[in-house]
Amino acid sequence: MRGVPSGVDEEDRLDAEQAKHVIRRAAQMMQPYRSKVRLAVGFIALYTASILAGPYLVKWAIDKSLKPGYDALQRGDGLPDDVFRVLNTTIGLYVVVAIVAYFAQRMAIMTLARVGENFLRDLRTRVFAHLQRLSMPFYDREKAGVIISRMTSDIDTMQELVQQGLMNFVSAALLLVFALGMLTLVSWQLMLVCALIVPVVVVASIKFQRDSNRAYLTVRDRIGNTLSGLQEGIAGVRVIQAYGRQEIQTGRFATGNRELYEAHMDSVRVQSWYVPIIEFAGHFTTAAAIGVGGYMVTEDIVTTGTVAFFVLTLSNLFEPIQQLSQLFNQLQSAGAALQKIFVLLDTDVDVSERPGAVDLPPTGDIEVRDVVFRYSSGGDTVLAGVNLTIAEGERLALVGPTGAGKSTLAKLIARMYDPVEGTVSLGGVNLRDATLRSLRQRVVVVPQEGFLFHGTIRDNIRLVRPEASPADVNAALDALGLRERFEELEDGLETEVNERGSRLSAGEKQLVSLARAALVDPAVLVLDEATSSLDPGTEQLIESALEVLMDGRTVIVIAHRLSTSERADRVGVVTEGTLRELGTHDDLVAAGGHYAALYATWTGGLTSAS
């Protein structure tokens, strides 16, 4: 019994237009490998021909050697001179055919697998590169799990087809076509007799495809539920044991496990009726070929070798039918997965670089004019009618309640998003008209929590400037006074940080983020207050590094604590999507507005805490 094909959800089924689109796109991506595809198909065709050549050689040997020799002996004549010559020639050719079949099959498998793996490699690279180009609005719209599934489960679906199904599918299809063609050419009369079983096979195959799809979809769902229960039981084992719920959880898992068993048995039942029907069809057709063929031999309609050819070829004919039926769902699953990936690749980049974009000037004022922003079309307005000018070298603190829009305003200034209406410019150049390379050099965002990639500390600092030399990295650290801190580690800057920087503390991760910004040397810093959740010792070190980093630059800081706004040149109060107040700390406190109320609440909290 072959491997279990995958089920296809109704919503994943492709209509005719979608199927054509997927095939057309896939063919375009296969263009660099078209010569190897032709070579693989050629090897498969050669292998298929060699399979059918064996029965034909048997026919030839019977009709040209064994039958004439037998007839001569029956008449009392001696064996014809060419009997053994033909028989020896047949044996030699059969050996050659077997060798050709071995090498053709081996080369077909290798060539087709190489083409398929190259296709998947290019597809993974293209998808990942596109994901890296897509802007923040895309990641706001899409769930992380859905994005990851494009690179994992969808690719894995095609991987299964490439490694197992594609060779079987092409080989089975060619074998079916070649066999039917040869059977018809050798004896169309006997072929008509054998074709009587075709309606039964077609109906059974259609029913099997439908039943198996339903059964395997159920298996897939039950596997997901079982794994989910397993993960939940392991992750929550402390709570389960603390409240003595082991038996209940085990009972729930046993129920799910029983349902999975029943689903698997249902899929086996589907296989159990289909496979015997195909086997029966093969035996019935063989019996018909022998019975009717024997009669035709006595009537001199066909030769004995022809009947032998039919019997041997029919034994190879019904396995391809079974394979094609089982591979149908697998092909549908791969097509649906490819369609989803193409939809992802066709997703437009929201924040893109316009043709003819220019470099931003090295420095300049930041102008925010009549900005309106919504995270999604038709969604709530997050910012409305914001106007703001930030002078070159000025430090502006943005304050306000959570969800008021201050972080969104900072992201617009860094062009992580584009405003729905209005403009944001630096040095008189609209950020939409600027090259992304110059934008990322002029404006740098330092997040509240530093994200580190697998590698060394030095690698993570050089991430923003891969061409930077060790001396450049050291200079950036020296400027911030951080070099000694990292060199105190056992391996210094060559310390492996592990995944997501798990070997470093939160404060050390933030120090790496500051070093990155110093290495870029931007004109504008956008800071999501970097010291709001750190211990006092690390906070002091980061504060010192920040002061150096901010010196001489335009700084926009999202202030979580009003002690930050006290040190800013100006404070912008963002509430309900608008810039309500703008001025110095002292002026805003004296004005008695929103900022004064926030400051009074904050200072009152400090007094109570002391």
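I started with Arg25, which is buried at a relative accessible area of 17% (buried means under 20%, exposed over 50%, partly exposed in between, with a 1.4 Å probe and protein chains only). This is a predicted model, where local features need pLDDT of at least 70, side-chain atom pairs count only at pLDDT 80 or more, and totals for chains, interfaces and linings use all residues. Residues are numbered from 1 along each chain as its sequence is written, and side-chain values use heavy atoms, with hydrogens and water left out.

Next I looked up the partner. Arg25 and Asp346 meet through their side chains in a salt bridge, 3.0 Å from N to O (a side-chain nitrogen of Lys or Arg within 4 Å of a carboxyl oxygen of Asp or Glu). Arg25 sits in helix H1 (residues 16–29) and Asp346 in the loop between helix H11 (304–345) and strand E1 (366–374), so the pair ties together parts 321 residues apart in sequence. Helices (H or I, at least four residues) and strands (E, at least two) are DSSP runs, numbered from the N terminus. Asp346 is partly exposed, at 44%.

How many salt bridges does a search of the whole structure find? I noted 20. Among them, Asp521 and Arg553 meet at 2.7 Å, N to O. Here Arg553 is buried, with 13% relative accessible area.

Then I turned to Arg465 and Glu467, a salt bridge whose closest N and O atoms are 3.4 Å apart. Arg465 is partly exposed at 26%, while Glu467 is exposed at 59%.

My last entry is a network: salt bridges link Arg415, Asp418 and Arg432.
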